[in-house]
Amino acid sequence: MVRGNLTGGKARGGIAAICGVAFLLFGYDQGVLGAVIGLDSFRKEFNDPNPTLEGIIAAIYDIGCFLGALLAFVTADYFGRKGSVMWGTWIMVVGTILQTSATESVQMILSRVVTGIGNGMNTVNVPIWQSESFKSHNRGAMLIIQSALIALGHPLSTFMGLASRQAEPSSFGWRWPIAFQGVFMLLILLGLPFLPESPRWLVHKGRVEEATDVFARLGGRDVNDPVTIQERDEIVQSVEEEKKLGEATWGEVFTEGPNRNISRVLLGAGPYMMNQWSGINSLAYFLPITFERNLGMSTELSLILAGVLGIQYFFISWLPYFFIEKVGRRKMLMGSAAACSFCMVMIAIMRKVDTVPARWVFVAFTFIFFDVFSLGILPVSWMYASEIMPLRTRNKGVALGVGSHWLSNFVVVFVTPDAIADLEHWLYVIWAVLNASFVPITWLWYPETARRSLEDMDEVFRHERFGLTKTRSPGTRTKEGGDGIIRRDPEADLYQVEPKGSPHS
């Protein structure tokens with residue numbers, strides 16, 4: 001039987017809590033280097049690294065994440081979702097120990113690759129484990145919570161760097177914030193044994209009895225309860241259908257065909273790349289040193305401002321929960337991109353003017369940039385690919401999207417330190433132009449996915465050949481359809497409309 005003894009709301013809450021800690025760790029790990037790289041003790045330890053070396057130390061982490069994301073598609077099938085999270089976390093433990101004990105740049109670079117591999121595995125497996133353990137109508141809320149917790153990780157790492165700065169000039173000042181992420185890893189490793197494996201993975205492996213036990217535990221019901229049996233049978237049917245379809249080849253993924261596979265891959269990767277090429281991580285990874293080097297602020301004030309910005313970013317990132325389905329993905333993406341472009345224009349102007357008042361306006365528009373980014377580009381970038389990919393090519397299509405995200409992240413973070421020093425205000429002009437370009441790109445080519453099922457999107461792509469989209473408004477599906485009843489389609493794992501008076505009504 002499945003290990004663990006939590007049932008009902010405690011089991012679901014436990015999974016949500018552990019997944020939440022993993023997302024928090026993701027955000028913390030992204031921000032922690034920026035919190036310590038400007039400290040005197042760090043710079044002394046690594047012989048005052050130049051901007052190019054700073055970029056390598058920071059960006060190599062994303063290469064590790066990219067490799068980990070690829071590795072995750074192997075481990076998830078072999079070890080299971082929960083088992084893969086455990087292995088990913090242990091790899092992060094090793095990477096964190098190596099980072100904390102680093103005395104040379106080479107060790108720091110290699111240890112950040114190791115940490116990135118573990119984190120890359122978790123960024124793939126944690127959402128899969130979570131989504132396969134919760135009802136479909138809970139998943140949108142879970143995505144918003146995920147984004148918010150990632151956002152919270154940044155200020156936590158910043159304030160940790162601020163607090164440990166009091167230990168300067170001791171190397172404890174930069175080692176402790178890096179070591180502190182081990183607390184999150186410990187919580188994950190302690191909580192995993194008490195939680196169940198993904199029932200869908202268990203069914204896929206032929207362990208139907210164990211999957212039935214998990215459904216009963218998650219629902220707080222008996223294994224013979226009709227609802228438990230129905231949930232199990234739906235997954236069994238879905239897995240059998242998927243096995244009949246088989247896994248698409250890479251050649252099929254890159255072929256257009258009647259399902260427009262390559263078009264969907266390119267459109268799915270687009271929002272991931274918009275996320276990175278908006279310039280968000282050009283600021284987020286190096287926010288304290290951006291304030292320090294661009295605006296001449298002290299290290300302490302730079303860390304305080306970066307931390308306060310991160311807290312505001314965390315709270316604002318919850319707002320899409322209330323309107324993302326009503327407004328739709330397109331409007332949120334275009335509105336967010338346009339606002340981000342305007343903020344970058346103002347940041348560039350203030351950087352060029354470079355007076356004391358202009359520096360504070362620079363800070364203000366940096367705050368606003370993070371806010372408007374979190375209201376559109378952030379949530380849409382993580383959901384769009386999975387909403388447009390056909391079932392047969394979904395795993396590989398989404399994998400390509402995640403890969404484009406990490407590779408773009410690497411490029412952006414790698415060039416930022418040199419760009420801050422050499423391009424000055426022109427760096428922000430580049431981000432402004434790129435953000436502005438996202439608006440017509442979205443308007444012309446991106447169909448609306450809000451309140452549409454996978455089957456609805458299949459029809460959209462069958463009838464709209466490559467070119468201008470005509471699907472610009474949200475669909476009409478809700479959890480309770482006005483003229484019908486929404487029931488779950490086990491093959492698509494979504495809710496579908498059945499007319500009132502049907503045999504199931």
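Predicted model: local features only at pLDDT ≥ 70, side-chain atom pairs only at ≥ 80, totals over all residues.
Let me begin with the helix packing. Two packed helices are described by the angle between their axes and the distance between the axes. The opening pair is helix H1, residues 8-36, and helix H3, residues 51-79. Their axes lie 9 Å apart, and the packing angle is about 160°. Angles over 145 degrees count as roughly antiparallel, and H1 and H3 are therefore roughly antiparallel to each other. Their crossing is right-handed. On the H1 side, the contact is made by Phe26, Asp29, Gln30 and Leu33, and on the H3 side by Ile57, Ala58 and Tyr61. Sorted by class, the contact of H1 with H3 comprises five nonpolar residues, one polar and one charged.

I turn next to helix H4, residues 81-100, and helix H7, residues 172-191. The axes of H4 and H7 come within 9 Å, and they cross at roughly 160°. H4 and H7 are therefore roughly antiparallel to each other. The handedness of this crossing is left-handed. From H4, the residues in the contact are Val85, Met86, Thr89, Trp90, Met92, Val93, Thr96, Gln99 and Thr100; they meet Trp174, Arg175, Ile178, Ala179, Gln181, Met185, Ile188 and Leu189 of H7. In the contact of H4 with H7, eleven residues are nonpolar, five are polar and one is charged.

The remaining pair in this talk is H17 with helix H19, residues 377-388. Here the axes come within 10 Å and cross at roughly 140°. H17 passes H19 in a left-handed crossing. H17 contributes Arg329, Met332, Leu333, Ser336, Ala337 and Cys340 to the contact, while H19 contributes Ile377, Pro379, Val380, Met383, Tyr384 and Glu387. The class division for H17 with H19 is nine nonpolar, one polar and two charged.

Asparagine 119 is part of helix H5, residues 105-131. Is asparagine 119 buried or exposed? Its relative accessibility is 2%, so asparagine 119 counts as buried. Which side chain does the side chain of asparagine 119 join in a polar contact? The partner is tyrosine 61, at 2.9 Å. With neighbours within four places in sequence left aside, asparagine 119 is in contact with Phe26, Tyr61, Cys65, Met92 and Trp406.

Cysteine 65 deserves a separate word. Its place is in helix H3. With a relative accessible area of 0%, cysteine 65 is buried. Residues up to four places away in sequence not counted, cysteine 65 touches Gly116, Ile117, Asn119, Gly120 and Trp406. Cysteine 65 and glycine 403 are separated by 338 residues in sequence, yet their C-alpha atoms are 8.9 Å apart in space.

That brings us to serine 404, in helix H20, residues 394-422. The relative accessibility of serine 404 is 13%, and serine 404 therefore counts as buried. Its side chain reaches the backbone oxygen of glycine 401 at 2.6 Å. Beyond neighbours within four places in sequence, serine 404 is in contact with Ala269, Tyr272 and Met273.

I close with the backbone. Most residues other than glycine have a negative phi, and most peptide bonds are trans. The model has a cis peptide bond between glutamate 168 and proline 169, with omega of about 10°. Proline 169 is located in the loop between helix H6, residues 139-164, and H7.

Where do the two residues with positive phi lie? Aspartate 354 is in the loop between helix H17, residues 329-353, and helix H18, residues 356-374, whereas glutamate 424 is in the loop between H20 and helix H21, residues 426-445. Neither is a glycine: aspartate 354 has a positive phi of about 55°, and glutamate 424 has a positive phi of about 55°. Aspartate 354 counts as partly exposed at 31% relative accessibility, and glutamate 424 counts as partly exposed at 42%.

Terms used. Residues numbered from 1 in each chain as written. Heavy atoms only, no water. Axes fitted to C-alpha atoms, helices over the stretch in contact; angles between N-to-C directions. Helix = DSSP H or I, 4+ residues; strand = E, 2+ residues; numbered from the N terminus. Parallel < 35°, antiparallel > 145°, perpendicular 65-115°, else oblique. Left-handed = near helix turned anticlockwise from the far one by under 90°. Contact = heavy atoms within 4.5 Å. Nonpolar A, V, L, I, M, F, W, Y, C, P; charged D, E, K, R; others polar. Buried < 20%, exposed > 50% of the residue type's maximum accessible area, 1.4 Å probe, protein only. Polar contact = N/O pair within 3.5 Å; in protein donor to acceptor, adjacent residues only side chain to side chain.
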